[in-house]
Each structure stands twice: as C-alpha cells, then as structure tokens.
Amino acid sequence: MINIFTEKVKKLTTNLNLKKTFLLVLKASKGWLFLSVMMIFTETILFLGSIYALKILVDKISHVNLADKNSESDVIKYVLIAALLAVGYAIAKAISAYITEVQATKVAHYIDEKIHLTAISLDLSYFESPDYYDVLSRAKEAGSDRPNLVITTMLEIAKNILNLAAVGSLIFTINWLLLPLLVAFVLPTLFVRIFFSNKQNIWRIKHTPLERKSAYLSNLLTSDVSAKEIRAFGLGNYLNNLYKKIRVEVFQQNLKLSYKRTLSETVTTSMASMGFFACIGYIAVGTVRGTTSVGDIVLFLVIFPQSFTLIQNISSGISILYHNNIFINSIFELFNLKAEESEATNFKSISKNIDLDLEFKNVSFTYPHAAKATLTNINLKIPSGKIIAIVGLNGAGKSTLIKLLCKLYKPNLGEITLGEVNINELDESDYRNQISPVFQDFSKYNVSVEDNIRFGNISKPFAEEDVIDAAKKSGAHNFITQFPNQYKTMMGRLFEDGHEVSIGQWQKLAIARALFSSARILIFDEATSALDAVAEKELYDSFRKRIDNRSAVIISHRHSAIKHADYIYVLSGGKILQHGTDTELLNMEGDYAKLFKTPNSST
Ligand SMILES: Nc1ncnc2c1ncn2[C@@H]1O[C@H](COP(=O)(O)OP(=O)(O)OP(=O)(O)O)[C@@H](O)[C@H]1O
C-alpha cells in the first residue's frame, strides 16, 4: 500500500486540476459560486458599456454642431450614461469582493475538515513515509484557501477573457487589421509567463524535501521541545548554519530561474510597446486621412492599456493557477489516500459480557521499507483477566508487538485473534475500544486535567467521579488537588494559565487516561519508567485491583514491575525465546535469569 502511494507521489505531474478543483469548490460553496459567476457577467457588461459610452461621447463632441440645440443634452446624456455604468461597475466589483470573501471562508472550512479527517483515517504506516510528509507539507502549505484562490482566479481569467473579447470587438469597430497586429505583439508576453510559471512549479515540487528540511531545522531552533538540548549542547549556531545553507541553496537556484524569466519578459513587453505605437501610428494616419475618427483614437488610448492589463491579468492568473496547482494536487493527493482496506466485508461484533482471550498465532511482521523482519513467528496468549509481561533488551520488538496488538499495523504472516476471531474481521473502532494503551512515548495534551483523563474514553458519558477514580488509581490525584483549579486546570505551557508538570506526573495522567477507558485489555509499555520508586511500587502492589481485574500487558525493564504478571514472555531479536511464570523463568537457564537473578539486576 505504502509503496503504491510512493509511486503515485513520484508521478506527481503539473497538469492543472481545474475540473476537480471546481467540483471541490462547488461542493463546499455551491450557492456562492453561482453568485460569483453571475457577478462576472454583470461586471463585464458594465465595463464594456461604460467604455463604449465614452467612445460615443467623444464622437458626439468631435462632430458637435453648434447650431443644434440637442447637441448639449446629447453630450450630457452620454456623460451620465458612462458615469452610471462606471459607478455600477465599481459597485459590482465591491459586491464580488464580498462574495469571494464569504466563499473563501466556506471553502477553507470544508478543506480544513477534510484534511483532518483524512489524516486521522490513515494507517500509521503512512507516518513512516517521507513522501507522505512531502504531500502533507504541500497540502498544509496549500492551506484551505488555495482551492478557493484557484477558483476565484479561474473566474477572474474567465472575466478577463470576456472583457478582452469585448475590447477586441471594440478594436474591431475601429479597424479589423488592428486586432491581428496587437495579438502578434502582445501574445508572446502571455506565453512567456505561462512557460515560466510551469517551470517554477516543477522546480517547487523538486524542492519540497529541501523546504521541509529547512522547516524542520527552523522548528528545532524555535520550539520548546528542543530548547533545553540546543542550549545544553550549544547546537544553536550549528543548526542555524545548516538552515542558512539550505536557504542559500534554494535561493540561488530560484534566482537563476528568476533571471531567465526577467530577461524573457523584458523582450516580450518591449515587443508589446512597439505593437502599441504601431497601432497608434496606424490610427493617427487614418485620422489625418479621414478614415478613422478622433473618438477612435480616444477609444484606442483607453482600451489598449485596458487590453494590455487584461492580458497581463490573464497571464498572471494562469501563472497563479500553475503556482497553486502543485498545492492543490497535494490536497487531492492527500484526500485520495486511504487506509488499507480490510478483506472482511461483514465485520463481526465483539461479544460484550463474555470473557475473550487475545492470541498471537505464528505472527511475523516487517516494517514498511525495512529490510528484515522485526517479529518472527510469535505465539503468545493474553487470557481474559490475566496480566502478562513482555521482557527483552532494547530493540527486541516489544513495542512493535504492542503496535500490532493495537492494530496500528497488520501482521505480514499469521493472525491475531480475539475470542478466536481474526481481529481483521472485527469492526475496527469496536476492536480499538477493547484496547487501552499507555505508550512509551505517550501524548501530553495541552488541555484541562479532566480532558487529559477523559480522552481515554471520549464517548463515555462524563461523570466527574469516574475521572477522579482513574486519577486516584494512577496516583495522579494527589498532585492534581494541589492545583487551585484542580481537575479544571489547564495542562502544559502552550496556553494561558497552563501548568507544566514533571514527566512522571504527565505519565501518571497517561496511566489515568488508560484506566478511565472501558477497554478489556490495558497495555503498559514502559508506562512507569518516569515514576518514582514509591509511586511505582504503590501502583504495582495493588495493580490487579487498580485495573479492575481486566487483562493487562506490562512491558518493563524492571523486575519489580513484571514480577506481578501471571505469565511472562521473553523476547529477543523479534522471537520468543522463553516463557513461563516469574518463578519458573528465574529457575531456568536463560536470558530472564541472567537479567533478573544477578545481584545488580533491577528489582
Ligand atoms: N517505524 C519503524 N520502522 C522500521 N523499523 C522500526 C520501526 N520502529 C522500530 N523499528 C525497528 O524494530 C526493532 C524493534 O523495535 P521496538 O521499538 O519494537 O523495540 P523494543 O523492544 O520496544 O525496544 P525498547 O526496549 O528500546 O523500547 C528495532 O530494531 C527498530 O529498529
């Protein structure tokens, strides 16, 4: 799955995704899009009308007959018409801007939500892929307003083309020859811009990994997570220099492209100016010869800059489309990502009040992109209501086993069953509700104490006594009650009035979160590594009671924690080497006895 995804990313093209973008914006803001289109037509009609009224006005003035009393009122009439149309145009533009703003907000909300929903639905394996982060970073940079920008740009281009056609028809009324003359001189500007927009795009796609690396370094330099180590090891200048080196490299490459673009644009805009004067010369000679009117010259002087601006708008519109297209593509790329589908179609429900054992049967697993298996032929049982422990040296595969158990990854071989049913055949969220983990790298939520604990089972109807009960069982209650706002206290330093606590206290909150859940199986992966000896002893001495006699898996390097388990598995190099009770294993020759029987072993 992840490989297919990587291939897809590599094939990322710069084709404009206008239809898809249009459909997306349509879905997010149907009515407002319709209004935008209506306003384009209104604006074009008003724009064209006001210019044409101006031409008639000039012709009226240049052919004015002093004896004709109606001449004056005629002139005033056309001044009023031109003025009214111009005011109407200004009002229409203002209304358009308002509509665009509302539409942009609606599209932004829609896309934000879709990005979040996609991200939470993905398998964990995506988070192992640098390509995923490239797409995510481009999609996030795209922000939620880019699709809307693309649509408003498309609408602008449509409006400008309409206006250009209108202007073209006005030029046609002066002399049809002017039209091909202008096109020949002005079109190269348009082509040059489109050509370089596309080049810039390809350049940006190639540079995403470099941009991400520099963003990472910038984040390291400014975030609170790395602030301590950066100071302690004096890494600041070194990292900053790495950052600067990347920025300079990106800047220099971009400069080369900008230089070529500027050179080409200078040539084409000079050609356009020559075209303008060629036309003016043509009309001026025509006026002297009596084939064109003064009104025609005025009209041309008004509409040439207009048409040039329109062409510039169209070309910059197209370059905006190209520029934003890679981001839009990334948004679609992200939306297209799907969690790996289970082969099962009819998910089985999990019996509620029956004891169910969880079993690993001949399970092997290799990480995506990894060369060799992390787990090989694992057979292990977590009987209902029993505590089992997994022991092993660093890198033995303990946490990986937990990830499979939590269904964050699927085994490549063998199966995991709950009550003899393969967990792939069980409803995913139903299954996940059966497991409540405290991960080694647990999350620290910058929300209230209460919410930190409630996150363990957010669908459970809130009852404060349940939260307090979980906190008491984890040992967190004592420090929570020291806070002035107790369970309402905001945790962490990110927000106002937040309280930072020690890593051990954060860990107690993570344990409370797991205990608060209604899961059948609790996982403690190095869950007490930051707890002081007294707190850890208290927790494990009455562990069975604290977990309400549910099943549990304990992973720990300390004998004091695992000796409470009913059954212990010893893992080494991804294989189970020994299993038995604490007493049995201590009396056996092997890794377990070596680890915990020596006088210096952890106790
Ligand atoms: N996301 C990953 N991608 C590829 N390999 C991984 C990944 N995570 C872990 N590994 C590899 O799998 C092996 C087992 O890692 P695991 O985290 O399961 O070990 P562990 O027994 O929990 O170690 P520790 O006691 O240090 O927590 C390691 O060799 C590691 O390099």
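Helices (H or I, at least four residues) and strands (E, at least two) are runs in the DSSP assignment, numbered from the N terminus. Counted in this way, the chain has 21 helices and 12 strands. The model is a predicted one, in which local features need pLDDT of at least 70 and side-chain atom pairs count only at pLDDT 80 or more, while totals for chains, interfaces and linings use all residues. Residues are numbered from 1 along each chain as its sequence is written.

A residue is called buried if 20 or more other C-beta atoms lie within 10 Å of its own, exposed if 12 or fewer do, and partly exposed in between, with the C-beta atoms placed from the backbone. By this count, 33% of the 603 residues of the chain are buried. Two residues are in contact if their C-beta atoms, again placed from the backbone, lie within 7 Å. Among the contacts in the chain with a separation of 6 or more, 77% are between residues 24 or more positions apart.

Two packed helices are described by the angle between their axes and the distance between the axes. Here the axes are lines fitted to C-alpha atoms, for helices over the stretch in contact, and the angles run from 0 to 180 degrees between N-to-C directions. Helix 7 (residues 178–222) packs with helix 9 (residues 236–289) at an angle of about 175°, and their axes are 10 Å apart. Angles under 35 degrees count as roughly parallel, over 145 as roughly antiparallel, 65 to 115 as roughly perpendicular and the rest as oblique, and helix 7 and helix 9 are therefore roughly antiparallel to each other. The contact of helix 7 with helix 9 has 25 nonpolar, 11 polar and five charged residues, where Ala, Val, Leu, Ile, Met, Phe, Trp, Tyr, Cys and Pro count as nonpolar, Asp, Glu, Lys and Arg as charged, and the others, Gly among them, as polar.

In soluble globular proteins, nonpolar side chains tend to be buried together. A nonpolar core is a set of buried Ala, Val, Leu, Ile, Met, Phe, Trp, Tyr and Cys residues joined through C-beta atoms within 7 Å. The largest such core has 70 residues, and those touching the most other members are Ala512, Ile521, Ile523, Phe524, Val553, Ile554 and Ile568. Helix 16 (residues 503–516) gives the largest share of this core, eight residues. Leaving out residues up to four places away in sequence, Ala512 touches Ile453, Ala470, Ala471, Ser474 and Ala476. Another core, of 54 residues, lies apart from this one and includes Trp32, Val107, Ile171 and Tyr322.

One of the partners of Ala512 is Ala470, whose place is in helix 14. Ala470 counts as buried, with 24 C-beta neighbours inside 10 Å, and its C-alpha atom is separated by 7.7 Å from that of Ile453, 17 residues apart along the chain. Helix 14 (residues 464–474) has Val467, Ala470, Ala471, Lys473 and Ser474 as buried residues. These cover an arc of only 165° around the axis, which puts them on the same side of helix 14, the arc being that of the directions from the helix axis to the C-beta atoms. On the other side of helix 14, Glu464 and Glu465 are exposed. The buried residues of helix 14 pack against helix 13 (449–454), helix 15 (477–480), helix 16 and helix 18.

Finally, the backbone angle phi deserves a look. Most residues other than glycine have a negative phi, and most peptide bonds are trans. Asn362, although not a glycine, has a positive phi of about 50°; Asn362 is found in strand 1 (residues 358–365) and counts as exposed, with 12 C-beta neighbours inside 10 Å. Glu420, also a residue other than glycine, has a positive phi near 70°. Glu420 lies in the loop between strand 4 (413–418) and strand 5 (421–422) and, with 8 C-beta neighbours inside 10 Å, counts as exposed.
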